[in-house]
Amino acid sequence: MKGYINHELADATGVYLCRVRNPRNIMWRIYISVCLIGILVWSGCDPKEQQGAATDDKLRVVSTIGMITDVVKNVGGARVEVAGIVEPGVDPHFYNPTPKDVQRLGSAHIIFYNGLHLEAKMGDILAKMSENTLTVAVTDSVDRSLLLTPQEYDGLYDPHLWFDVKLWMQAVEKVRDVLSEFDADNTVLYRSNAERYLTKLAKLDEYVKSQVERVPSEQRVLVTAHDCFNYFGKAYGFEVRGLQGISTATEVGIADIQELATFIAERGISAIFVESSVSPRSLEAVKATVKSKGFDVEIGGELFTDAMGNEGTPEGTYIGMIRHNIDTIVHALIRKSEL
Ligand SMILES: [Zn+2]
């Protein structure tokens, strides 16, 4: 949790409450300020004008992670031009916005982000943007009783709720409602697009459940690089273990590797999984440590966790990413249990 900043949206209008736990380097603040001044000069206009809904032009939306970009594409359709900040394969827990990102954010009508501390290092810039631009956390309206607060996260909410498809559908509803309110002339379009997308997600949820059924119940253990599958575990009946904590910002020590290796060997877990946005090195060390205990565990494949796949590939969409993950998990666990 060291170095993390607490940000919560006070309400749907994007008013930010910002409580800095560990104030960041003064140079970083100066950098952000210079970038912001640059944007105002560059755009040559009062940013408050950007609050109004677009007329003929498309709505300019900027989102942080790919999963949100995909929601906006599906709900906004041709009315919306959306740009994502965090590229495929990049870890959002650590991501620092570039000057180009700051420029994009400055020219957006609406900014969507996940919230719940996922975009920890973007906190300052999102807070600054929220002064003049509608800045909304898609998790803002999710019933807090449905959110998880794992012990290791110091009482804060786990941000990885896209792994429970039903819960992520609430993020879709949030995007639908914000777009509809901001651009009321196109409410019918946003509602029908959202309806269609939500139907697909309901089918996706059923698909995940049916795939899980194929795995013998004692084999339903998911071991990954960091603890991001808690929502998946709860929704679909998997025991989950991550080498790192909820955030990839926490350090992995030899004791963590030993502890996880012991767990894997004792439970006879056949496959563990690397993540596309986290270095596989630590999990490879776990595999080697398991071997030193006289047991073999295989790397069952790569899962897309905090970032989707490349654009144009099946995993470059939220639906494709979730399908890839469950297919990879089920394939590896079944394959091994059938040997
Ligand atoms: Zn994560």
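**Burial first.** Before I call anything buried, I need the cut-off: a residue is buried if 20 or more other C-beta atoms lie within 10 Å of its own, exposed if 12 or fewer, and partly exposed in between. I also keep in mind that this is a predicted model.

**Lys291.** I found 13 other C-beta atoms within 10 Å of lysine 291, so it goes down as partly exposed. I also looked up a C-alpha pair here: lysine 291 and alanine 261 are 30 residues apart along the chain, and their C-alpha atoms are separated by 8.7 Å.

**The whole chain.** I noted 10 helices and 10 strands in the protein chain. The chain has 339 residues, and 44% of them count as buried. For contacts with a separation of 6 or more, I get 67% from residues 24 or more positions apart.

**The sheet.** Next I looked up an open sheet of 4 strands, in the order E4-E3-E5-E6, with parallel pairing. Which strands stand at the edges? Strand E4 (80-84) and E6 do; each has a single partner strand, so one side of each is left without a neighbour in the sheet. I wrote down an average twist of 20 degrees from one strand to the next.

**Inside the sheet: E5.** I started from the pairing with strand E3 (residues 59-63), which runs parallel to E5 over 3 bridges. In that pair, valine 62 has isoleucine 111 of E5 as its bridge partner, and serine 63 has phenylalanine 112 of E5. For E5 and strand E6 (residues 134-137), I count 4 bridges, again parallel. Phenylalanine 112 turns up here too, standing opposite valine 136 in E6. To get from E5 to E6, the chain goes through helix H4 (residues 123-129), and this β-α-β crossover is right-handed.

Then the side chains. A reminder to myself: in a regular strand the side chains alternate between the two faces of the sheet. Strand E5 (residues 110-113) has Ile110 and Phe112 pointing one way and Ile111 and Tyr113 the other way. I checked burial for these residues, and all are buried.

I went through the phi values and stopped at two residues in the loop between E5 and H4. Leucine 116 is in that loop, and its phi is near 55 degrees, positive although the residue is not glycine. Histidine 117 lies in the loop as well, with a positive phi near 70 degrees, and it is not glycine either. Buried or exposed, this leucine 116? Leucine 116 is buried, since it has 22 other C-beta atoms within 10 Å. Histidine 117 counts as buried too, because it has 21 C-beta neighbours inside 10 Å.

**Helix H2.** I placed H2 against the sheet: it lies across E3, E4 and E5, running at about 175 degrees to E4. I get 10 of the 11 residues of H2 as buried, so the rest of the structure largely encloses this helix. Among the buried residues are Met67, Ile68, Asp70 and Val72.

**H2 against H6.** Helix H2 (residues 66-76) packs on helix H6 (residues 187-212) at an angle of about 125 degrees, and their axes are 7 Å apart. I therefore put H2 and H6 down as oblique to each other. On the H2 side I listed Asn74, Val75 and Gly76, which meet Tyr190, Asn193, Ala194 and Tyr197 in H6. I sorted the residues of this contact into 4 nonpolar, 3 polar and no charged.

**Thr224, last entry.** Threonine 224 lies in strand E7 (residues 221-226). It is buried, because I find 24 other C-beta atoms within 10 Å. Which residues does threonine 224 contact, leaving aside its neighbours within four places in sequence? I got Phe229, Gly242, Phe273, Glu275 and Leu303. I also checked valine 274, 50 residues away from threonine 224 along the chain: the two C-alpha atoms are separated by 5.9 Å.

Notes
Residues are numbered from 1 along each chain as its sequence is written. This is a predicted model: local features need pLDDT of at least 70, side-chain atom pairs count only at pLDDT 80 or more; totals for chains, interfaces and linings use all residues. Two strands pair if DSSP finds at least two bridges between them. A crossover is right-handed if, with the strands pointing away from the viewer, the path from the first strand over the helix to the second runs clockwise. Axes are lines fitted to C-alpha atoms, for helices over the stretch in contact, and angles run from 0 to 180 degrees between N-to-C directions. Angles under 35 degrees count as roughly parallel, over 145 as roughly antiparallel, 65 to 115 as roughly perpendicular and the rest as oblique. Two residues are in contact if their C-beta atoms, placed from the backbone, lie within 7 Å. Ala, Val, Leu, Ile, Met, Phe, Trp, Tyr, Cys and Pro count as nonpolar, Asp, Glu, Lys and Arg as charged, and the others, Gly among them, as polar.
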